[in-house]
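User: I would like to learn how to read the features of a model like this one. Please take them one at a time.

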Amino acid sequence: MDIMFEDGNFALFRDGFLRTVELSAVSALFALLFGTVLAAFRVSPVPALRTFGTVWVNIFRNTPLTLLFFAVTFALPRLDVHLSAFSFAVLALSAYTASFVCEVLRAGVNTVPLGQAEAARSLGMGFGQTLGLVILPQAVRSVMSPMSSIFIALPRNSAIAGAFSVSELYNVQATLTDKGYAIFGIFLWIAIAYLFISFSVQQLFSFAEKRLAVAR
């Protein structure tokens, strides 16, 4: 239990914790934005956009995240794309998570009665206006619970970044293990940190769900 307070380990743990939070937050933001765009593509009346959305989701949902990290970390530099290890991690996590966000939002869109879209079109709204002003606001309310599961899993998924030179919690664990500290004590602190992050995300979504709830 004294591991965190020996030889500057607390500063190492703190920096790894904050890096995990930063990586998760940035990746969540990009995944939410891109996942929303993909969901719009999936329900678009334009065949090319629907095909793009379908292909993206099928590829990235069925690709192991570790393999995706290898692809962005080692393949992109060969294409003369040079980014920091943190940026590569954000790219991999965002692309992967966006495919799940897309499917959850699409499922929410399917719960909105068809008459809502028809009424919007009868008022002269285009596809973009109908989706953004009528459909998505209702869809989001119905998918807060499954959406929270995606973003609760994201910080744990970010642990893979530790194997690709990102100084987050998993990397802290590897560093402390190399110093010869007891494995149980190290993993206890790491588990508490991930539990705290997951609980915070869950509370955030619970608050948002209550705020977005509609009295019936």
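This is a predicted model: local features need pLDDT of at least 70, side-chain atom pairs count only at pLDDT 80 or more; totals for chains, interfaces and linings use all residues.

User: Which elements make up the chain, and in what order do they run?

Analyst: Secondary structure is read from the N terminus on. The chain has nine helices and zero strands, so the order is α-α-α-α-α-α-α-α-α, with runs of H or I of at least four residues taken as helices.

User: What does the C-alpha trace span along its principal axes?

Analyst: The spans are about 70 × 50 × 20 Å.

User: How many of the residues count as buried?

Analyst: Burial is a matter of relative accessible area, with the cut-off at under 20%. Here 41% of the 216 residues are buried. The accessible surface of the chain comes to about 11900 Å², and carbon and sulfur atoms account for 66% of that area.

User: Which residues form a nonpolar patch on the surface?

Analyst: Leu29, Phe30 and Leu33 do, with about 310 Å² of accessible area together. Phe30 belongs to helix H1, which covers residues 9–42.

User: Why does Phe30 count as partly exposed?

Analyst: The class lies between the cut-offs of 20% and 50%. Phe30 has a relative accessible area of 45%, and therefore it is partly exposed.

Notes: Residues are numbered from 1 along each chain as its sequence is written. Side-chain values use heavy atoms; hydrogens and water are left out. Helices (H or I, at least four residues) and strands (E, at least two) are DSSP runs, numbered from the N terminus. Buried means under 20% relative accessible area, exposed over 50%, partly exposed in between (1.4 Å probe, protein chains only). Accessible areas come from the Shrake-Rupley method with a 1.4 Å probe; for residues, only the protein chains shown count as cover. Patches are made of residues with over 30% relative accessible area and no salt bridge: like charges are joined within 9 Å, nonpolar side chains (Val, Leu, Ile, Met, Phe, Trp, Tyr) within 5 Å. A salt bridge is a side-chain nitrogen of Lys or Arg within 4 Å of a carboxyl oxygen of Asp or Glu.
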